[in-house]
Amino acid sequence: MSSGSTATFSSHTLQSIVGREYGADPVSWNKRDLLAYALGIGATPAEQQFVNELHPSFAAFPTFPVVLFLKGKDDSVTEFTNTINRTNAIKGLPYFDPSHLVHATQSIEILKPLPLVSGPGWLLKKRLISIRENKSGVILENEFVLVDPDETPYARLTTAMFNLTGKITGQRYTRSVVSLPEAKPIPRDRAPNWVVADRTYVHQALIYRLSGDYNPLHIDPNASSSGGGVILHGLSTLGFTARALIRTVGYGRPSSLQYLNVRFTAPVTPGDGLETSAWDVGSGPGGVIEVAFEVRNTRTGKVVIGGGHARFARWEQSKL
C-alpha cells in the first residue's frame, strides 16, 4: 500500500497497534565503529578517549546507540531504502515512502556504558509508541531498547518520523502510550549558562554516513527534490550537541550524560558553524541537572535543534 493510498484505518485497529512490540533487530559493533562515529560527530584529537583505541580510557561516545537502528549488524554499505523498509515495517500500517520521511525528534536515555565490542546476541527491541496525524501527514514515534544477550537494557531511544503526504485515518488522530520526560522551557529572560561554538567540516556527512546511514540526501547533491544540495545527518548534529553539553554542563565527564532529547527544526549544510546555548533550569529526579538548550546555525542564523532537553548527573553522582 503506498503512502498516497486512500484506505483508512479505524481507531479500534490503531489502539491495538500502538504500544505493541513489532520485532527485535540484531545489532553489533566493534572498535572501528566507535571510532567512525566519534569522527562523524566532530570529535577532535583533543578527545583522545573517543578517537584513540589505545587510550587507557577509550570508550564508546554515550550517544553511539542512535546509529544502531540503521546500522544493525551490517559491517558493509547498505541500501538506504531497503534498510528502512526492512527495519521500519509495522504490520497493520500502510507503507510509507522513505523518500517522504523527515526525522522530527530523537531521544536517548543512557542506562549503562557500552562494551567496546558487542559480540553476538545483542538486540534492538522495537515498539510503536505514538501515532499523530493531521492534514500535513503522519508522525510515527518508535521506542527502541538496546539489550545484551541476557536481556539487560543499555539504552532506551525514541525516534519520531514525519511522513509527508501519508495517511492512516484520513483525519486528525492522536494516540500515545509513552510520555517522555517533560522538558522545561528555555528561560528567555536571562542569558544562557553555557554557550559553545563549533564547526562542522565540509566532508562531515561523508564521514558520518560510515556509521550506517546511507541516505542519498547526505552524499548526492541531486538527491533532494528541492534542489537544496547535500545536508548533514540530523544525528550528526545531535552528536555535536552532546559533545558541547558534555564539555560544559558535564565538566568533560561523558558518564554524566543521562538523557538527551532533541527536535530537528532546520537543516545543516556540511561546513556550517553550530552554536549551542544551554540553560540550567533546576534539579530533576534524583537531583540531576535539568538543561534546556537550542542549537543555531551560525551561517543561516536559524535554530536547527529546538526545544532541547538534557539531564546530567552532578559531580558527586558521576563516575570520574
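Visitor: Which residues does Ile131 touch, not counting residues up to four places away in sequence?

Guide: Contact means heavy atoms within 4.5 Å, and with those sequence neighbours set aside Ile131 touches Leu14, Val18, Leu93, Val138, Ile139, Leu140, Ile168, Tyr173, Thr174 and Arg175. Bear in mind that this is a predicted model, in which local features need pLDDT of at least 70, side-chain atom pairs count only at pLDDT 80 or more, and totals for chains, interfaces and linings use all residues. Residues are numbered from 1 along each chain as its sequence is written, and side-chain values use heavy atoms, with hydrogens and water left out.

Visitor: Which residues have the most contacts inside the largest nonpolar core?

Guide: In soluble globular proteins, nonpolar side chains tend to be buried together. A nonpolar core is a set of buried Ala, Val, Leu, Ile, Met, Phe, Trp, Tyr and Cys residues joined through side-chain atoms within 4.5 Å, where buried means under 20% relative accessible area, exposed over 50% and partly exposed in between (1.4 Å probe, protein chains only). The largest core here has 70 residues, and Ile131, Leu146 and Leu260 have the most contacts inside it. Helix H7 gives the most to this core, with six residues.

Visitor: Which residues of helix H2 are buried?

Guide: Helices (H or I, at least four residues) and strands (E, at least two) are DSSP runs, numbered from the N terminus. An α-helix has 3.6 residues a turn, so residues three or four places apart point the same way. In H2, which covers residues 31-40, the buried ones are Asp33, Leu34, Leu35, Tyr37, Ala38 and Gly40, and the buried residues of H2 pack against helix H3 (48-51), helix H4 (68-71), helix H6 (204-208) and helix H7 (234-248).

Visitor: Which residue caps the N-terminal end of H2?

Guide: Asn30 does, with a side-chain oxygen 3.1 Å from the backbone nitrogen of Arg32.

Visitor: Is Glu290 buried or exposed?

Guide: Glu290, in strand E10 (residues 289-297), counts as buried because its relative accessibility is 4%. Its side chain is joined to that of His309 by a polar contact of 2.5 Å, the term being used for a pair of N or O atoms within 3.5 Å, of which, within protein, one must be able to donate a hydrogen and the other to accept it, while residues adjacent in sequence count only if both atoms are side-chain atoms.

Visitor: How many residues line the largest pocket, and which lie nearest its centre?

Guide: On a 1 Å grid over the protein atoms alone, a cavity is a set of points where a 1.4 Å probe fits but cannot get out, a pocket is an open set with protein on both sides within 12 Å along at least five of seven lines, and lining residues have an atom within 4 Å of a point. Grid points are joined across faces, edges and corners, and a volume is the space filled by probe spheres set on the points. The largest pocket holds about 1300 Å³ of space and is lined by 49 residues, with Leu101, Val102, His103, Leu217 and Ile231 nearest its centre. Strand E2 gives the most to this lining, with five residues.

Visitor: How many cavities of 30 Å³ or more are there?

Guide: The count comes to two. The largest cavity has about 50 Å³ of space, and H7 supplies the largest share of its lining, five residues. The second largest cavity, of about 40 Å³, is lined by Val66, Val67, Leu70, Tyr208, Ser211, Gly212, Asp213 and Leu235.
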